[in-house]
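Hi,

Here is the structure I promised to pass on. Have a look at it first, and my notes follow below.

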Amino acid sequence: MFMGQRRVQGTGRRHRLAVMAAAAVAAAAVVTGCAGPPPAPAPGSTAPPAPATTAVPGTALVAGGVTEAQAAQLCTDLEGQLQSWRTYTPTIGKTGLNGLVGTWIAKNNLNALDFLQDRGRIDVITTAACPGVRQEAVTALVIPDLASGLIGF
């Protein structure tokens, strides 16, 4: 150590948690900048006609405003972590939940700000798409709902 520096015991864990929380917020800010509605046409201009749409499997919206495919991916991701969450402490599991949800939002180009403002949206999506997996995750993480385990969301 250099002269004038002191080592503070016990701050490592708090520092790591603060860094993880800051990283989650930063990731959400980056994703927010990449997602959102297209710009509105200029006043007085005519908007081009809306393109014809055809039904594509997995693109119908489910509760929570995401596609069936996006909801299914979230459910699959959650189910893939259940055994780890049962094995490790709930605190570690909640960190994993935050990472999983943040990654899912980014992979699907969803608006992270929407999820930051309404953490319960994850519960709405999973209740509609995979209630059994959601309940197993809630039980493994020892929380009343998934929103309770989300930090910064």
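Which residues does Trp85 touch, leaving aside those up to four places away in sequence? Please keep in mind that this is a predicted model. The partners of Trp85 are Leu78, Gly93, Gly96, Leu97, Leu100, Ala137, Ala140 and Leu141.

Trp85 also belongs to the largest nonpolar core, which has 26 residues. Along with Leu78, Leu97, Trp104, Phe115 and Ile122, Trp85 touches the most other members. Helix 2, helix 3, helix 4 (112-117), helix 5 and helix 6 each give this core at least two residues. Helix 2 makes the largest contribution, with six residues.

That brings me to helix 2 itself. Its 20 residues (68-87) should span 28 Å at 1.5 Å a residue, and the end C-alpha atoms are 30 Å apart, so the two agree. Even so, helix 2 bends by about 40° at Gln81. The buried residues of this helix are Gln70, Ala71, Leu74, Cys75, Leu78, Leu82 and Trp85. Among the elements that cover them are strand 1 (61-62), strand 2 (66-67), helix 3 (90-107), helix 5 (121-129) and helix 6 (131-141).

Cys75 sits in helix 2 and Cys130 in the loop between helix 5 and helix 6, so the pair ties together parts 55 residues apart in sequence. Both cysteines, Cys75 and Cys130, are buried.

Best wishes

How values were computed. Residues are numbered from 1 along each chain as its sequence is written. This is a predicted model: local features need pLDDT of at least 70, side-chain atom pairs count only at pLDDT 80 or more; totals for chains, interfaces and linings use all residues. Side-chain values use heavy atoms; hydrogens and water are left out. Helices (H or I, at least four residues) and strands (E, at least two) are DSSP runs, numbered from the N terminus. The expected span of a helix is 1.5 Å times one less than its number of residues. The bend at a residue is the angle between axes fitted to the seven residues ending there and the seven starting there. Buried means under 20% relative accessible area, exposed over 50%, partly exposed in between (1.4 Å probe, protein chains only). Contact means heavy atoms within 4.5 Å. A nonpolar core is a set of buried Ala, Val, Leu, Ile, Met, Phe, Trp, Tyr and Cys residues joined through side-chain atoms within 4.5 Å.
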